[in-house]
Structure formats: C-alpha cells, structure tokens
Amino acid sequence: MLPRLITIGVVVCILCGASARSFAKEKTTLAMTQLSGAGFLLVVIFAHVCEYSGFIPSLGWGRPGTVGHYIDLVSAAAGSILLAFGYFGRWIIRRRISS
C-alpha cells in the first residue's frame, strides 16, 4: 500500500506544480479550475495518508459512511472533474488560437 501511495502522491504533486505554473503564467479561469482540481487531489492524498497512519481516527478514514470517507470521495470526484475540465479547456483554446 505504501509504495503505491508514494507513487500516486508524487504524480499528484507534479500535477499540482504544473497547474500552479500554468496559473502563474496565464491567470485565466480555466487555469484556476485546473489548479483547484489538483488541490482537491492533494486532499485525496492527505486522506489516504491519514488512513494509513491513523491520524485523526475520529473521522473514520477508509470506512464507508463516515466523514473521512466522504471527504475522500467528494475530493476525488471534484478533483478529477475540475482538473480534466481545466486542462482540456485550456488545450482547446490553445488549439483554436494556433489554427
């Protein structure tokens, strides 16, 4: 479990860094949307680290129907949607401008 968590954490940190860089460059709504999505994915990593280490056990990390489960679920869904929407929106706009 730990090697997968570290690997996914590194990928999410790279995504977050790239999103922050693009937002610093462009300062557009789509770049902010992408950065927000990456931030939500960081919350997912934090939730899994808390689950693995037993940090704040009262939130019930990893158990269905608990606050920790819903933090993880909502963050994963929102992060995936916002990151994809921001990235592909920026990609479409760049493509239209270059054509």
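Predicted model: local features only at pLDDT ≥ 70, side-chain atom pairs only at ≥ 80, totals over all residues.
**Overall fold**

The protein chain holds 3 helices and 0 strands. Read from the N terminus, the order of elements is α-α-α. Along the principal axes, the C-alpha atoms occupy a box of roughly 50 × 25 × 20 Å. Helix 1 spans residues 2-26 and helix 2 spans residues 29-53. Helix 3 covers residues 67-98.

**Helix packing**

The table gives the axis geometry for each pair.

| Helix pair | Axis separation | Angle | Handedness |
|---|---|---|---|
| Helix 1 and helix 2 | 9 Å apart | about 155 degrees | left-handed |
| Helix 2 and helix 3 | within 7 Å | roughly 150 degrees | left-handed |
| Helix 1 and helix 3 | within 12 Å | roughly 45 degrees | left-handed |

Take helix 1 and helix 2. Their axes lie 9 Å apart, at an angle of about 155 degrees. Angles over 145 degrees count as roughly antiparallel. Helix 1 and helix 2 are therefore roughly antiparallel to each other. Their contact has 18 nonpolar, 5 polar and 1 charged residues.

Next come helix 2 and helix 3. Here the axes come within 7 Å and cross at roughly 150 degrees. That angle makes helix 2 roughly antiparallel to helix 3. By class, the residues of this contact divide into 16 nonpolar, 10 polar and 2 charged.

The remaining pair is helix 1 and helix 3. Their axes come within 12 Å, with a crossing of roughly 45 degrees. Helix 1 is thus oblique to helix 3. The crossing of helix 1 and helix 3 is left-handed.

**Salt bridge**

The count of salt bridges comes to 1. The side chains of Glu 26 and Arg 90 form it, at 3.0 Å from N to O. Glu 26 belongs to helix 1 and Arg 90 to helix 3, so the pair ties together parts that are 64 residues apart in sequence.

**Nonpolar surface patch**

Helix 1 gives the most to the patch, with 4 residues. Ile 6 is found in helix 1.

**Helix 1 in summary**

Several of these features meet in helix 1. Helix 1 packs against helix 2 at an angle of about 155 degrees. It crosses helix 3 at roughly 45 degrees. Its residue Glu 26 pairs with Arg 90 of helix 3. Helix 1 also gives 4 residues to the nonpolar patch.

Definitions and conventions: Residues numbered from 1 in each chain as written. Heavy atoms only, no water. Axes fitted to C-alpha atoms, helices over the stretch in contact; angles between N-to-C directions. Helix = DSSP H or I, 4+ residues; strand = E, 2+ residues; numbered from the N terminus. Parallel < 35°, antiparallel > 145°, perpendicular 65-115°, else oblique. Left-handed = near helix turned anticlockwise from the far one by under 90°. Nonpolar A, V, L, I, M, F, W, Y, C, P; charged D, E, K, R; others polar. Salt bridge = Lys/Arg side-chain N within 4 Å of Asp/Glu carboxyl O.
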